[in-house]
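This briefing is intended for reading alongside the sequence and the three-dimensional model. Please keep both in view while working through the points.

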Amino acid sequence: MALLFAAMACLTAGATRPLLLVQRTSVTRQLVRARRPRAPTTVFARMASTACGSVVEKGGVCNDEGGAGAPPALAGPPVTVGKAVSTGRLRQAPNLPQITRIVKMARKEMYLDGKEAEKTLKEKSLNAKQRCCRLAARKLDVLTKHLVVPLRDYQRELKAFLRDLHPFERELVRLTLAARERMGGPSFVSVLEAADTLRKEITAAGKAACAQCPDLNGAAAATAFEAAQYDLLVEMLEAGEQVFQDLDDVGKLVRSLPSCSSSEPLAVLVGLPNVGKSSLVGALSSATPEVNAYPFTTKRLTLGHVDASMGRRLQVMDTPGILAREPIKRNAIEQLTFCALRELKPTAILYVLDPTGLGGKMSAAEEQLEVRRELREAFPEPLWIDVLSKSDVLEVAQRGGDVGALALDSGAGASE
């Protein structure tokens, strides 16, 4: 962690060239002193020796001439969030009231309004039949409105909440919902349409019931009809349990998304799948990203924190892997990474490279460097730090050891 803070502190010192960190595999979970990888990773060795500029080492910041000094106090600009509203509102997403609570409140309002209506109707020159019919119609109308209005209000509140979010958080929600749909979940549009359909069906049934009230014959018939229609309308609402569940899932998903602070420095880890980003985030910060022995385990953004001296705190974000392909071919999960870089304007970008070849064909050296070039050109402003991961795998290979056994034991090559 001290190394990462030292790297971030280079912002104060005016560092403009890329930095290099070297990370061991997920078992050791620590940064080690930078060293040049040997064959068969000559492409990374060349990059480490020429393109990366300064090297962050334990105990200080080494410049190109080899001098070292104590790292300055962590400073540099905080996260830039633009002119719109600030970030950090995702956990304030509205909560959907439960069906049981809606029914309870609707029944209460129906009873209270019925009492007031009964007093008003007695003052009018109506016969007993007319009063009973009008009272039944009034109570069913109140019941219908209080069954559908909470659902309507929640939909409006949720859409207004999403519309007023910071651009990053709004785009994050959109891409996360799109990724959920891509994995077989319901689309946000279909969830809202189902809620609209449920409201319209209950409203139509309530209006039809009210329209039948004038034809009722006496108080007994009105009371029986009112009870039957009450049961029907409540059953219709309860039959829409899946609609409520889908809407509630959207709210829970929004509240579970990472909520970045605009007042704290942010380091975003990027790279191809299976290069070790999640292991590094888990080792450095409070985050607990999922780590498995296959690529594309990371399907969402994960935010952790690193405590510093004097109460300062650094945000560290894990991102889904990016493949070396045309931007138009990248899916919603990959777009989450670009969304974070584009909208949050992080203080630092940590580009994680795996020089071992254990990440698979998709994460070959040429592919990693191609994505690196693309990101460097697209996002030149943040401090850039190159991280060579799984360095102990190279050490074992150099000694002629069993790299496969190390990978199985430690999770090397399986950090995404």
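The model is predicted. It contains 13 helices and ten strands, and 51% of its 416 residues are buried.

**Overall make-up**

- The accessible surface of the protein amounts to about 19,700 Å², and carbon and sulfur atoms account for 52% of that surface.
- Of the contacts between residues at least 6 apart in sequence, 78% link residues at least 24 apart.

**Helix H8 against helix H6**

- Two packed helices are described by the angle between their axes and by the distance between those axes.
- Helix H6 spans residues 188–212 and helix H8 spans residues 241–256; the two pack at an angle of about 140°, with their axes 9 Å apart.
- Angles over 145 degrees would count as roughly antiparallel, and H6 and H8 are therefore oblique to each other.
- The crossing of H6 and H8 is left-handed.
- On the H6 side, the contact is formed by Phe-188, Val-191, Leu-192, Ala-194, Ala-195 and Leu-198; on the H8 side, by Val-243, Phe-244, Asp-246, Leu-247 and Val-250.
- By class, this contact between H6 and H8 comprises ten nonpolar residues, one charged residue and no polar residue.

**Helix H8 against helix H5**

- Helix H5, residues 167–182, also packs with H8: their axes come within 11 Å and cross at roughly 125°.
- H5 and H8 are therefore oblique to each other, and their crossing is right-handed.
- From H5, the residues Val-173, Thr-176, Leu-177 and Arg-180 meet Asp-249, Val-250, Leu-253 and Val-254 of H8.
- The contact of H5 with H8 divides into five nonpolar, one polar and two charged residues.
- Val-250 of H8 takes part in the contact with H6 and in the contact with H5.

- Leu-257 lies in the loop between H8 and E6.
- The relative accessibility of Leu-257 is 2%, so this residue counts as buried.
- Leaving aside residues up to four places away in sequence, Leu-257 touches Leu-90, Leu-172, Val-173, Thr-176 and Arg-300.
- Two of these partners, Val-173 and Thr-176, also belong to the H5 residues that meet H8.
- Leu-257 and Thr-176 are separated by 81 residues in sequence, while their C-alpha atoms are 8.8 Å apart in space.

**Loop residues with positive phi**

- Most residues other than glycine have a negative phi.
- Asn-274 has a positive phi, near 70°, and is located in the loop between strand E6 (266–270) and helix H9 (277–284).
- Is Asn-274 buried or exposed? With a relative accessibility of 5%, Asn-274 counts as buried.
- Lys-345 likewise has a positive phi, near 50°, and sits in the loop between helix H10 (332–344) and strand E9 (348–353).
- Lys-345 has a relative accessibility of 45% and therefore counts as partly exposed.

Conventions:
Residues numbered from 1 in each chain as written. Predicted model: local features only at pLDDT ≥ 70, side-chain atom pairs only at ≥ 80, totals over all residues. Heavy atoms only, no water. Axes fitted to C-alpha atoms, helices over the stretch in contact; angles between N-to-C directions. Helix = DSSP H or I, 4+ residues; strand = E, 2+ residues; numbered from the N terminus. Parallel < 35°, antiparallel > 145°, perpendicular 65-115°, else oblique. Left-handed = near helix turned anticlockwise from the far one by under 90°. Contact = heavy atoms within 4.5 Å. Nonpolar A, V, L, I, M, F, W, Y, C, P; charged D, E, K, R; others polar. Buried < 20%, exposed > 50% of the residue type's maximum accessible area, 1.4 Å probe, protein only. Areas by Shrake-Rupley, 256 points an atom, 1.4 Å probe, with all protein chains shown as cover.
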